[in-house]
Amino acid sequence: MTTPSDPVWRRHVDGFGEVTIRPVDPAADADLIHDWVTRERSRFWGMRDASRERVREIYAYVDSLTTHHAYLIHRDGRPVGLFQTYEPAADPVGECYEVRPGDFGIHLMVGPPDGGAEPGFTGTVLGAFLDFVLTDGSRRRIVAEPDARNDRAIARLVRAGFVPGPQVDLPDKRAQLLFLDVSDRAGSVGGPGQSAVRPSRQ
């Protein structure tokens, strides 16, 4: 049985290291996540004023859901990113566009750089997470909805193949919808150097 500390996916990326993904443990990971989400660089995550206890409560609630999940992604054992997934039909974003069968939503935040910026770092982390998400063959289109003011995140998703859709008003922000059809990433999942642990909490 998978426990919160167990990786549910791993991949060795040549020239980058071993990437592993595991579910967030709300209690054990609260300090780390609180540090990340309350920094100025994470202002679009919407939790800058949250206390450590509030962070723990939020991720305990996410952990209780069957439609929403949170993960930490690691590089050679060091946490480098926080990702959340959701079923659009069970999320406020699903009221803002026509949800298709196979749609699957993501939020992502890359952790603070350790030792300075590294070219290609964010793209590699995002690519690994998308490969993890797409181990489930029922997912046909990935949906992202960053804050419409977050130009860097939008540009990063476009570089990864996402196509911008409309801007929509969500309860906490005006968001830019972006979509990635799985067919546009053909061949990216299960490539050389990858070993996947079948996710048990998806």
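I'll start with strand β5, residues 103-110: 7 of its 8 residues are buried, so the strand is largely enclosed by the rest of the structure. Buried here means under 20% relative accessible area, with exposed over 50% and partly exposed in between, using a 1.4 Å probe and protein chains only. Strands are DSSP runs of E, at least two residues, and helices are runs of H or I, at least four, numbered from the N terminus.

Before going on, the basis. This is a predicted model, in which local features need pLDDT of at least 70 and side-chain atom pairs count only at pLDDT 80 or more, while totals for chains, interfaces and linings use all residues. Residues are numbered from 1 along each chain as its sequence is written, and side-chain values use heavy atoms, with hydrogens and water left out.

Back to β5. What does it pair with? Strand β4, residues 78-86, pairs with β5 in the antiparallel sense over 6 bridges; two strands count as paired if DSSP finds at least two bridges between them. In that pairing, Leu82 stands opposite Met109 of β5. Strand β6, residues 141-144, pairs with β5 in the parallel sense over 4 bridges, and there Gly105 has Val143 as its bridge partner.

Next, the cores. A nonpolar core is a set of buried Ala, Val, Leu, Ile, Met, Phe, Trp, Tyr and Cys residues joined through side-chain atoms within 4.5 Å. The largest has 30 residues, and Ile142 and Phe162 touch the most other members. Helix α3, residues 121-133, gives the most to this core, with 8 residues. A second, separate core has 14 residues, including Trp36, Ala50, Tyr59 and Met109.

Ile142 has contacts, meaning heavy atoms within 4.5 Å, with Phe104, Ile106, Leu130, Val133, Leu134, Phe162, Leu178, Phe179 and Leu180, leaving out residues up to four places away in sequence.

Now α3. Because 10 of its 13 residues are buried, α3 is largely enclosed by the rest of the structure. Among the buried ones are Phe121, Val125, Leu126 and Asp131. From first C-alpha to last, α3 reaches 19 Å, close to the 18 Å expected at 1.5 Å a residue; the expected span is 1.5 Å times one less than the number of residues.

Last, Ala30, in helix α1, residues 30-37. Is Ala30 buried or exposed? Ala30 counts as buried, because its relative accessibility is 0%. Setting aside residues up to four places away in sequence, Ala30 touches Asp25, Arg52, Val55 and Arg56. Ala60 is 30 residues from Ala30 in sequence and 9.8 Å away in space, C-alpha to C-alpha.
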